[in-house]
Amino acid sequence: MDLTFTEEEEAFRREVRTWIQDAMPEDMRARAEGAGGFTPEDSANWHRILYKKGWVAPHWPKEVGGTGWDAARRFIFNEEMELSGAPQLSVFGLSMVGPLIISFGTDEQKKRFLPKILSAEEFWCQGYSEPGSGSDLASLRTTAEDAGDHLIVNGQKTWTSYAQYSDWIFCLVRTDPSAKKQAGITFVLIDLRSPGIEVKPMLTLGHTPAFCDTFFDNVKVPKQNVVGGINQGWTMAKALLGHERTMLAMIGPSRNVLQKVKRMAATKTVNGRPMLEDPVWRAKIARLEMRFRAHLMVSYRALADQQKGKLPGPESSILKLVGTKLIQELTELAMEVMGEGSLTWHNEGVCPPIEESIGPYFCYERAATIYGGSNEIQRNVIAKMILQLPSS
Amino acid sequence: MDFELNQDQEMLAKTVADFAKNESPVERFRKLRDDDVGWDAGVWRKMGELGWIGVPFAESVGGFGGSFVECALVLENLAPTLVPEPYLASVVLGGMTLARAGNAAQHDTYLTPMIEGETTLALAHSEAQSRYDVSSVETRATPDGSGGYKLSGEKVWVLNGHHADHLIVSANAPGGVTLFVVPRETEGVNVTVAKTIDGQKAAFIKLDDVRISDEARLGEEGSGAAVLDRTMDYAAAAAVAESVGIATTMLHMTVEYLGTREQFGVKIGSFQALQHRAVDMYAETELLRSISMASTVRADEDDPSVRRGDISAAKYQLATGGIWVAQQSLQLHGGIGVTDEHDIGLYFKRMYALNALFGDQEHHVARFASDAAFAEAPA
């Protein structure tokens, strides 16, 4: 057992850190060190900067645009990105549909889609949930009828986050209404500029733009946009879920909020001294930081497995469960530290920037325990797959 | 970054686990609960012969020059059947203290025989008022004018203190908190056996003008608190390692019970409320296992700023997650879990004992929060 990174890995860390400092535009860095709260345009800009460096998709195979780094270097890179406070990149192309196309796409699909995901010429969003299909995703009712060389898609997708900024959407649609629920579903890529598509944005609880409803009215989709074959969508969805697991551990965001908590606690006073020197508040913060350390070690174990070319062990299944709860507790603590300052609501220029971002983020991350398979659904899956408890 | 055990460590873990399962099942623990000593000298000797006692000690004193990881592995794998031999008390508390504080002659006299399984040690550091503060010592070491000392005072909850051959005693000498090694059979050492909640034994020890020579002193006067502080880190990491074995066993027993017990005509493990509880138990157990790995590796680290954080975080996870697993496994067993007849309660009580030793939740939260690094560096 060894908890340290090698000398070469540490040198790599320094290289990444220095590069990020130099590469980040002045205004972006100012915000990264303060409030955060980046817009989708900020994220796209940062994406392009990383693309130019060749570092936008370290987790992709080298031949399609990856960096060729091993798991440890990828981990270090992610850590440094998160610590720098840089905008998060849109995950839908880089971490979801991209890897799926790499694994299951045709050569043509790879050529057509992957380069534009890398270059930020095309952004993606996800079309899974429907108004009537949340946790019971396989009950989805958006249909895709066979019309020769193309499909005709009709229906409504919801929680299609960032669809208003996106060019493409990957969808699960029903191609065989007579088959058993999971068996008649197809994974398909749809151009959001196709006639018959309407995107209706809706504000999140944090009053930030993210969520959308997306409507499909007789939308023509070429059959070459099907990934994995007709009626193979459920297999695709499950494969994609595997990619999400470690992403939803929230290691970076948790670390980031913890830093903000401490920074704020150093500037506010209680009983005449900084909160950060008050034993009660120190203990409150320490409890969550210790919890974070245990959670971090679970994710390190998954990393060490990957580094050895093995699948992460069963313990990685708890990463989403623990990580999403933790980020909620941390944002809640940040609100507590702010005290009455937590009342602030989008008052740019009135309150300290660091404080302005907390409330909306706190509200938004209430979604963390819901998206990516609600934590209740995660528990159902772990109970069955790992603990092998009897089904009802 | 590597969380895997090497081949020798794998082998050690397996040998210990097999021994626990085959030669010291829980029934053995139940029998020895009622025994005056509570453990068996023959089994202890065997542990010495197998080399388990020597794993963390240098070869020069008869050990195997391993790391604390091996020591933690032994504890984790003895835990599933509650093997009662005093490994934690003698190897971790007594042995690690003696190894750090003693000179070659003292190692030769007290440590090597222990490593061979011929003797056992106990650490007498706690006092009625001290709780987890190792420097709160009212026991006095008064110089007798001819190089020796007279020890007077009272020690409490000395693990294995009722039967250890040698006690390591902390006392206040003119130069500050100092450690002494005292044979239990010395005149003036009065031992009262105290049963502990987990079916083991400890001792209350009254020292009544106990005369000892200068050779009994471990290190310089005043060096004791720092040594004990370090021992407490080893002990906390050891308790956490053992708690991993306890929690894992409780989780397995509970999942098995959920899969066999029927009510309302179905297996109770098919109820979602209970499934979700079991999954949360699994999560807490894996968090405990993961941070235990970190604390075990850190325990050998000399730099306290690197060592202490993960050890406190691990002991905190025992106090929160580990205790919660213990509570829930009892709850999910229903009425049978609250009987002495069922084993689940034995593990429950051991978890509480481990929680109470070497710093509780508040102690480790406060320690973690008072580290200079906590306020200065980003998390």
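**Helix packing and chain contacts in a predicted model**

Colleague: Are H7(B) and H8(B) roughly parallel or antiparallel to each other?

Modeller: H7(B) and H8(B) are roughly antiparallel to each other, where angles under 35 degrees count as roughly parallel, over 145 as roughly antiparallel, 65 to 115 as roughly perpendicular and the rest as oblique. This is a predicted model, in which local features need pLDDT of at least 70 and side-chain atom pairs count only at pLDDT 80 or more, while totals for chains, interfaces and linings use all residues. Residues are numbered from 1 along each chain as its sequence is written, and chains are lettered from A and ligands numbered from 1 in the order in which they are written.

Colleague: What angle do H7(B) and H8(B) pack at, and how far apart are their axes?

Modeller: The angle is about 160 degrees and the axes are 9 Å apart, with axes fitted to C-alpha atoms (for helices over the stretch in contact) and angles running from 0 to 180 degrees between N-to-C directions. H8(B) covers residues 272-298 of chain B, and helices (H or I, at least four residues) and strands (E, at least two) are DSSP runs numbered from the N terminus.

Colleague: Which residues in H7(B) and H8(B) meet?

Modeller: From H7(B) they include Ala237(B), Val240(B), Ala241(B), Val244(B) and Leu251(B), and among those they meet in H8(B) are Leu274(B), Met281(B), Tyr282(B), Leu288(B) and Arg289(B). Residues are in contact here if their C-beta atoms, placed from the backbone, lie within 7 Å.

Colleague: New topic, then: how many residues of chain A are in contact with chain B?

Modeller: On the chain A side there are 40 residues, and they are in contact with 38 residues of chain B. Two or more residues each come from H8, helix H9 (279-307), H10 and helix H12 (375-385) of chain A, and H9(A) gives the most to that side, with 17 residues.

Colleague: You mentioned H8 and H10 of chain A, so how do those two pack?

Modeller: Helix H8 (residues 251-267) and helix H10 (residues 318-338) of chain A pack at an angle of about 15 degrees, and their axes are 9 Å apart. That angle makes H8(A) roughly parallel to H10(A). Where they meet, H8(A) supplies residues including Ile251(A), Val257(A), Leu258(A), Val261(A) and Met264(A), while H10(A) supplies, among others, Leu326(A), Ile327(A), Leu330(A) and Val337(A).

Colleague: And in chain B, how do H1(B) and H4(B) pack?

Modeller: Helix H1 (residues 7-23) and helix H4 (residues 68-78) of chain B pack at about 25 degrees, with their axes 8 Å apart, and the two helices are therefore roughly parallel to each other. Their contact is made by Gln9(B), Leu12(B), Ala13(B), Val16(B), Ala17(B) and Ala20(B) of H1(B), together with Val69(B), Glu70(B), Leu73(B), Val74(B), Asn77(B) and Leu78(B) of H4(B).

Colleague: One last thing, where is Pro222(A) found?

Modeller: Pro222(A) is in strand S7 of chain A, which covers residues 209-222. With 14 C-beta neighbours inside 10 Å, it counts as partly exposed, a class that lies between buried (20 or more other C-beta atoms within 10 Å) and exposed (12 or fewer).

Colleague: What does Pro222(A) touch?

Modeller: Leaving out residues up to four places away in sequence, Pro222(A) touches Asp149(A) and His150(A). Asp149(A) is 73 residues from Pro222(A) in sequence, yet their C-alpha atoms are 6.2 Å apart in space.

Key
Contact = placed C-beta atoms within 7 Å.
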